[in-house]
Structure formats: structure tokens, C-alpha cells
Amino acid sequence: MIPIAAGARIWIATGHTDMRKGMQGLALLVQEGFGRDPFAGDVFVFRGRAGTLIKALWHDGIGLSLYTKRLDRGRFIWPSAVDGVVALTAAQLGYLLEAIDWRNPQHSWRPQSAG
């Protein structure tokens with residue numbers, strides 16, 4: 001799990017993001033596209049077009065960190081709004097990272113057998 005400070009806010013960027021961007025590109029998107037400070041300790045989560053890859057960007061007070069997760073199967077549940085950011089709680093972020101619908105906590109996909 002991402003080590004999130006107690007007072008940190010979590011924001012997910014609605015729509016899809018170019019996943020070729022790294023830390024600097026995503027920080028610039030947060031600053032110029034959303035008008036927020038990427039170094040304030042908040043967590044910003046981005047999703048690719050296919051919905052199987054997310055990146056989370058946060059500054060922990062020491063340096064900028066980037067977390068990436070790609071699903072083998074299924075998609076990350078994302079809001080349908082076109083532009084902007086949506087606030088989440090830490091629990092909702094936990095659901096999101098586990099590919100569970102954070103709006104209605106249930107597994108979006110579960111393996112039926114091991115082989």
C-alpha cells in the first residue's frame with residue numbers, strides 16, 4: 001500500500017491520461033492542468049485509455065514518488081466525468097488499487113480456477 005500521510009488528500013484525474021508521462025510530466029499536468037500543487041503531499045491518480053494501467057503521484061516531503069499498477073485482467077473503475085479531478089478517501093483508494101468498484105465495494109473480477 002502507498003504510505004499516505006493522515007492529512008493527505010487523494011485526487012483521481014477523470015478521463016484518461018497519456019501513460020507515457022513520467023513523474024515530471026504528471027507533476028506538470030497536476031500543476032497546469034488541475035491548478036494544484038503536486039508537492040503539497042496530496043496523491044494524484046491517473047488512468048490510461050485502456051483502463052488497465054494506473055499511476056499514482058505523490059510527494060512525501062522528501063521527494064516525488066510514482067506508483068504504477070497494471071491489471072492482468074479486468075479494468076480499474078473510473079468516474080465518467082470528462083475533465084478535472086475527483087476526491088477519494090484512503091479507503092476508496094485501497095479499493096481502487098485492488099480493482100474493486102470503490103463506489104460499491106465488490107470485486108470486479110475474481111479467478112474461477114487456478115488452471
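Reader: Which residue stands opposite V43 in β2?

Author: I10 stands opposite V43. The model is predicted: local features need pLDDT of at least 70 and side-chain atom pairs pLDDT 80 or more, while totals for chains, interfaces and linings use all residues. Residues are numbered from 1 along each chain as its sequence is written, and side-chain values use heavy atoms, without hydrogens and water.

Reader: What makes β1 and β2 a pair?

Author: Two strands pair if DSSP finds at least two bridges between them. β1 and β2 (residues 43-47) have three bridges, in the parallel sense, so they meet the definition. Strands themselves are DSSP runs of E with at least two residues, and helices are runs of H or I with at least four, both numbered from the N terminus.

Reader: Why are β4 and β5 called edge strands?

Author: The open sheet has five strands in the order β4-β3-β2-β1-β5, with mixed pairing. β4 (64-70) and β5 (85-88) each pair on one side only.

Reader: How do you know that T17 is buried?

Author: Buried means under 20% relative accessible area, exposed over 50%, and partly exposed in between (1.4 Å probe, protein chains only). T17 has 8%, so it counts as buried. T17 lies in the loop between β1 (10-13) and α1 (23-33).

Reader: Which residues does T17 touch?

Author: Contact means heavy atoms within 4.5 Å. Leaving out residues up to four places away in sequence, T17 touches L26, L29, F46, R47, G48 and R49.
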